[in-house]
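Good morning, and thank you for coming.

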Amino acid sequence: MAILDSKVPSGPLKDKWTDYKNKINLVNPANKRLIDVIVVGTGLAGGSAAATLAELGYNVKAFCFQDSPRRAHSIAAQGGINAAKNYQGDGDSIYRLFYDTVKGGDYRSREENVYRLAEVSANIIDQCVAQGVPFARDYGGLLDNRSFGGVLVSRTFYAKGQTGQQLLLGAYSALNRQIGRGKVKMYTRHEMMDVVKVDGKARGIIARNLVTGELEKHSAHAVVLGTGGYGNVFFLSTNAMGSNVSAAWKAHKKGAFFANPCYTQIHPTCIPVSGDHQSKLTLMSESLRNDGRIWVPKNMEDVKAIREGKKKPTQLSEDERDYYLERRYPAFGNLVPRDVASRAAKERCDAGYGVNATGEAVYLDFAAAIERYGKEQATIKHLDVNDNALVKKLGQEVVKNKYGNLFQMYEKIVDENPYETPMMIYPAVHYTMGGLWVDYNLMTNVPGLYAIGEANFSDHGANRLGASALMQGLADGYFVLPYTIGDYLADDIRTGAISTETPEFDEALNSVQAQVEKLINNPGSKSVDFFHRRLGKIMWNQVGMARNAEGLTDAINKISELRKEFYADVRVPGDANEFNEELAKALRVADFLELGELFAKDALAREESCGGHFREEHQTPEGEALRKPEYQYVAAWEYKGEPKDAVLHKEELKYENIEVKERSYK
Amino acid sequence: MKLLLKIWRQKSRNDKGQMVDYPISDVSPDMSFLEMLDVLNDQLINKGDSPISFDHDCREGICGMCSLQINGEAHGPDRAVTTCQLHMRKFKDGDTIYIEPFRAKAFPVIKDLAVDRSAFDRIQHAGGFVSVNTSGNTQDANSIPIPKQDADMAFDAATCIGCGACVASCKNASAMLYVSAKVSQFALLPQGKVEAKDRVLNMVKAMDEEGFGNCSNTGACEVECPKGISLTNIARMNREYLSASVKK
């Protein structure tokens with residue numbers, strides 16, 4: 001059994017990162033010119049890493065499957081980014097951000113990585129402002145903050161509901177500067193098909209040009225994967241259509257351990273499914289829970305009347321509404337963490353209180369916030385606070401200013417005006433905390449292969465807090481990896497360019513070629529989506545918000561069967577040597593069909609409930625997640641041919657600077 | 001709903017291309033436009049035909065990957081949305097819908113409805129950034145207060161998603177709205193002012209080299225822009241350009 005060495009430096013927690021940086025090996029600027037680094041993915045993590053590595057002097061090759069690096073799915077993050085700036089003077093600190101993140105992750109993340117994340121968080125804001133990222137400001141011209149779930153301070157910086165877009169465009173601009181200087185060679189519409197290992201080290205990738213279908217060999221001294229999460233294994237998720245697990249999965253098949261695949265975040269506020277044609281789900285930012293109140297009717301008669309269209313939600317009095325989050329969690333109310341909010345919504349809907357035709361929706365209501373803001377504005381402007389129409393108008397303006405684009409998005413999709421009637425929302429797959437196992441340097445157990453951002457596992461434990469994904473992506477890419485990778489590359493200054501004319505590269509290319517040919521020539525009859533949808537149904541019903549041993553065992557068998565069926569009966573039209581989206585999709589779904597099985601196996605092996613992983617057998621009498629001390633470890637899986645044969649390695653988690661206690665938001 | 005789709009098919013960049021008829025039935029008004037095309041593609045695959053290529057990714061109106069000229073309008077008849085946010089309830093039973101790629105010399109067709117917009121990226125390489133290294137050793141974020149109005153205007157300009165609807169809507173295939181959005185964002189912020197002159201000169205030069213046409217102030221770009229990027233950005237860019245040219 002291989003030992004997982006997290007390589008966490010010694011010393012007191014608060015000095016670890018600083019001391020480590022002082023002692024780390026550096027590569028001198030002249031030698032950096034001799035070293036090549038491949039970065040796959042150009043989201044917040046990959047984009048910022050590629051730009052920073054190029055600034056430092058390395059030769060960078062960056063890859064993305066979209067037509068431009070600006071389109072990576074980080075762009076869709078809405079609500080904000082956390083940073084321990086304490087601009088609000090409300091008691092925030094590095095320790096408190098660290099504490100909230102570890103607790104929010106249900107004590108399943110690596111303490112030292114999280115502390116470092118909190119430590120560099122403030123720098124991110126400085127950096128982004130210097131790059132010209134237009135964060136929201138108050139009337140004094142200083143940066144504004146809002147609050148997010150699972151915390152008691154306001155530490156979230158934002159740019160309306162488009163924070164991810166603005167941060168990604170910041171990283172994209174830094175990347176463009178380096179592309180313009182020739183330090184980054186950008187490959188768009190390219191998909192990574194495999195990692196190439198030479199003498200046990202990651203030394204390159206096989207990429208497929210999605211326009212011509214050509215397979216290309218690219219070499220480097222190190223390979224960095226910033227390829228995002230694998231939520232699309234559920235078919236329906238808030239991920240982009242192209243988001244996929246393939247890069248991480250290929251790395252896994254080449255020896256990198258896959259950690260905690262079952263930790264999935266089901267986000268509580270998404271627009272409910274409308275029909276079988278649905279291709280993806282749309283998130284409504286968690287920031288809405290700052291001002292929106294979540295409820296379902298108290299009485300079943302009202303539920304029925306609403307579903308039949310005989311009653312409108314606005315006709316129900318306060319007494320007839322069940323604000324179930326405020327009822328169950330008075331301390332955090334509507335701002336409980338995502339896993340808690342999602343399960344509470346499922347509990348009410350399972351009990352029959354869902355408010356739409358499918359019975360899978362709850363209300364998110366802004367009427368109270370509109371009234372509160374309206375009165376505040378009327379007071380400031382010396383207007384009549386008892387003029388209801390005026391107060392409503394003023395309040396709506398404030399809400400529009402804060403969440404305008406989200407309200408517009410909702411209206412376009414659902415065809416209802418959320419300023420007048422409550423939004424309907426339901427949980428949906430959003431983010432995956434699991435990912436490639438990495439050490440403190442963000443290196444996988446394959447030397448020279450790094451994983452950053454959502455693609456790794458380390459910072460969010462079993463549940464990620466809102467506005468922390470952007471923080472982690474940029475922390476990894478701007479401030480952590482560029483340092484830690486030097487320690488590894490310092491040994492490569494005399495290596496010289498890595499040749500692609502070697503048996504290792506040829507072998508990898510041939511095996512990709514074989515997979516492509518197998519799929520394109522398959523005499524099948526069903527489209528790729530046919531299989532992907534079925535995989536999604538199995539995952540959602542049996543490996544989703546609530547899991548049990550029986551369902552998981554069955555899911556493992558079903559997924560394995562489905563994979564066989566896929567290879568027997570999938571039809572991929574067109575040729576391999578052309579722009580062929582169906583072929584690209586088939587290659588991705590083939591990997592999801594393997595990952596899904598490992599995912600279920602991991603969920604089955606984890607005989608406890610924690611964060612986003614909820615096992616029905618393991619809950620408290622109140623229906624909360626029941627954590628077990630003997631499962632305080634990272635489950636890192638080693639590939640052994642078939643997902644079912646994967647071997648478990650454990651990294652024990654120690655908490656020396658934080659007391660592990662019951663995670664309560666009551 | 002039953003619809004007749006007339007869709008541009010073009011095998012590759014150098015192929016001539018033509019409109020092809022595709023009748024489709026059982027379209028639900030709650031479908032998005034792209035979900036309707038998914039259904040059509042599924043039917044084509046099941047029949048053994050080749051599915052229609054089109055660009056798309058986030059399907060929530062922010063990545064800028066989807067395009068499509070629908071009934072002659074970029075992103076179709078609805079206002080302030082991208083094609084992926086357009087829903088079939090905007091159409092009527094029995095409608096004929098023309099679906100074409102974004103057309104411009106600088107956006108060559110890759111296949112069917114997918115076009116190559118890498119010219120947009122190349123304009124950004126020429127100056128769409130603030131030259132600050134990502135060392136983390138910058139000054140505190142609050143050390144320069146920025147008037148809320150300026151920050152808000154910079155934000156509004158920065159919400160451009162780079163989809164190219166402005167170019168596709170312009171009779172001259174001008175990219176002025178796109179370029180001016182980036183120029184404006186930085187011109188309005190103190191961090192961007194240092195390099196403002198070089199930026200506007202370099203980006204406009206790159207824009208011209210890519211083969212985009214000139215602006216003639218007809219304003220179609222603003223009307224069709226899914227993010228409502230304002231024409232005042234073009235005015236600001238012209239002012240910046242003029243002042244930079246004079247001072248040079």
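In which sense do strand β1 and β2 of chain B pair, and over how many bridges? Strand β1(B), residues 3–9, and β2(B) pair in the antiparallel sense over seven bridges. Strands are DSSP runs of E of at least two residues, helices are runs of H or I of at least four, and both are numbered from the N terminus; two strands pair if DSSP finds at least two bridges between them. One such bridge joins K6(B) to its partner D21(B) in β2(B).

Before I continue, please note that this is a predicted model, in which local features need pLDDT of at least 70 and side-chain atom pairs count only at pLDDT 80 or more, while totals for chains, interfaces and linings use all residues. Residues are numbered from 1 along each chain as its sequence is written, and chains are lettered from A and ligands numbered from 1 in the order in which they are written.

The pair belongs to an open sheet of five strands with mixed pairing, in the order β2-β1-β5-β3-β4 of chain B. Its edge strands, each pairing on one side only, are β2 (18–24) and β4 (73–74) of chain B.

Turning to chain B as a whole, we find nine helices and seven strands. Its C-alpha atoms fill a box of roughly 60 × 35 × 35 Å along the principal axes. Of its 248 residues, 52% are buried, that is, with 20 or more other C-beta atoms within 10 Å of their own, the C-beta atoms being placed from the backbone.

Chain B is divided into domain 1 (3–111) and domain 2 (117–130 + 146–247), with bounds from an automatic or database domain assignment. The contact between them takes 18 residues from domain 1 of chain B and 17 residues from domain 2 of chain B; residues are in contact if their C-beta atoms, placed from the backbone, lie within 7 Å. The C-alpha centres of these two domains of chain B lie 28 Å apart.

How many residues of chain B are in contact with chain A? There are 67, and they meet 66 residues of chain A. On the chain B side, α1(B) gives the most, with seven residues.

Finally, in chain A, helix α3 comprises residues 44–56. Why is α3(A) described as largely enclosed by the rest of the structure? The reason is that 13 of its 13 residues are buried. After α3(A) comes G57(A), whose phi is positive, near 120°.

How values were computed: The expected span of a helix is 1.5 Å times one less than its number of residues. A residue is buried if 20 or more other C-beta atoms lie within 10 Å of its own, exposed if 12 or fewer, and partly exposed in between; C-beta atoms are placed from the backbone. Two residues are in contact if their C-beta atoms, placed from the backbone, lie within 7 Å.
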